[in-house]
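Hi,

Here is the structure I said I would pass on.

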Amino acid sequence: MENKRRCKWVEGKDEIYLNYHDKEWGKAVYDDKILFEMLILECFQAGLSWITILKKRESFRNAYDNFDIEKIIKYDENKVDELMKNDSIIRNKLKIKASINNAQVFKEIQKEFGSFSKYIWNFTDNKIIKNSEENYLTKSHTSNIITQDLKKRGMKFVGSVTIYSYLEAVGIIDNHTKECYLY
């Protein structure tokens, strides 16, 4: 696997980045638990590098009750204070409060559509978008539409760039480049 060509953005990166690229990034996800975890992590990533989030991912799992949505929607100010004191995660009060808010909205979407997976995949008619662009995109018409809908529903820290990155992470958009062995 080490001799295989990968997307340029991962060349020369840490092992954690290589594993993420090879085993997760761009692979279609339909499991609401993983979709939820990735949404929370992508929102925390806003303004930061993804490697920062990857290195803190296990700490986030521990701090956020393994991304158990039923627990997170019940987080109160005491839990927010606890998270703000946890130096192994990103300690941004706005993002922490947004993560709790977004868990509640995520749960409402699950109730409305039967699952978040049905909701999010509906935007592409359950098809993977294969990016054929030579230039790497950071947002698209699809990410713009999803962002507008999520914001209308009350989600925070879900700009079009964040949602585009999320769609790549969960395989709705396949952006593996032609030279990559996963293309």
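This is a predicted model: local features need pLDDT of at least 70, side-chain atom pairs count only at pLDDT 80 or more; totals for chains, interfaces and linings use all residues.

**Helix packing**

Let me start with α2 (residues 32-45) and α6 (residues 93-113). Their axes come within 10 Å and cross at roughly 150°. Angles over 145 degrees count as roughly antiparallel, so that is how α2 runs relative to α6. The crossing of α2 and α6 is right-handed. On the α2 side the contact is made by Asp 32, Leu 35, Phe 36, Leu 39, Ile 40, Cys 43, Phe 44 and Gln 45. Facing them from α6 are Lys 95, Ile 96, Ser 99, Asn 102, Ala 103, Phe 106 and Gln 110. By class, the α2 and α6 contact has nine nonpolar residues, four polar ones and two charged ones.

Then there is α1 (residues 15-23) with α3 (residues 50-63). Here too the axes come within 10 Å, but the crossing angle is roughly 90°, so α1 and α3 are roughly perpendicular to each other. From α1, the residues involved are Ile 16, Tyr 17 and Tyr 20, and from α3 they are Trp 50, Ile 51, Leu 54, Lys 55 and Arg 57. Six residues of the α1 and α3 contact are nonpolar and two are charged, with no polar ones.

**Aromatic rings**

How many aromatic pairs does the structure hold? There are 15. Take Tyr 30 and Trp 121: the ring centres are 4.7 Å apart and the planes sit at 25°, so this pair is stacked. Planes under 30 degrees apart are what counts as stacked. Tyr 30 is in the loop between α1 and α2, while Trp 121 belongs to α7 (residues 116-122), so the pair ties together parts that are 91 residues apart in sequence. Are the two partners buried or exposed? Tyr 30 is partly exposed, because its relative accessibility is 46%. Trp 121, on the other hand, is buried, with a relative accessible area of 0%.

Another pair to look at is Phe 60 with Tyr 64, which is tilted: the centres are 6.1 Å apart and the planes are at 40°. Both Phe 60 and Tyr 64 are buried. These two also belong to one aromatic cluster, together with Phe 36, Phe 44, Phe 67, Tyr 75, Phe 106, Phe 113, Phe 116, Tyr 119 and Phe 123.

In α8 (residues 141-152), have a look at Thr 142. Its relative accessibility is 16%, so Thr 142 counts as buried. Which residues does Thr 142 touch, leaving aside its neighbours within four places in sequence? They are Thr 124, Ile 129 and Leu 167.

Leu 167 takes us to α9, where it is one of the buried residues. α9 (residues 160-169) is mostly covered, with eight of its ten residues buried. Besides Leu 167, the buried ones are Ser 160, Thr 162, Ile 163, Tyr 164, Tyr 166, Glu 168 and Ala 169. The cover over the buried residues of α9 includes α1, α2, α7, α8 and β2 (173-174). After α9 comes Gly 171, with a positive phi near 80°.

Cheers

Definitions and conventions. Residues are numbered from 1 along each chain as its sequence is written. Side-chain values use heavy atoms; hydrogens and water are left out. Axes are lines fitted to C-alpha atoms, for helices over the stretch in contact, and angles run from 0 to 180 degrees between N-to-C directions. Helices (H or I, at least four residues) and strands (E, at least two) are DSSP runs, numbered from the N terminus. Angles under 35 degrees count as roughly parallel, over 145 as roughly antiparallel, 65 to 115 as roughly perpendicular and the rest as oblique. A crossing is left-handed if the near helix is turned anticlockwise from the far one by less than a right angle, and right-handed if clockwise. Contact means heavy atoms within 4.5 Å. Ala, Val, Leu, Ile, Met, Phe, Trp, Tyr, Cys and Pro count as nonpolar, Asp, Glu, Lys and Arg as charged, and the others, Gly among them, as polar. Rings of Phe, Tyr and Trp (its six-membered ring) pair if their centres lie within 6.5 Å; planes under 30 degrees apart count as stacked, over 60 as edge-to-face and the rest as tilted. Buried means under 20% relative accessible area, exposed over 50%, partly exposed in between (1.4 Å probe, protein chains only).
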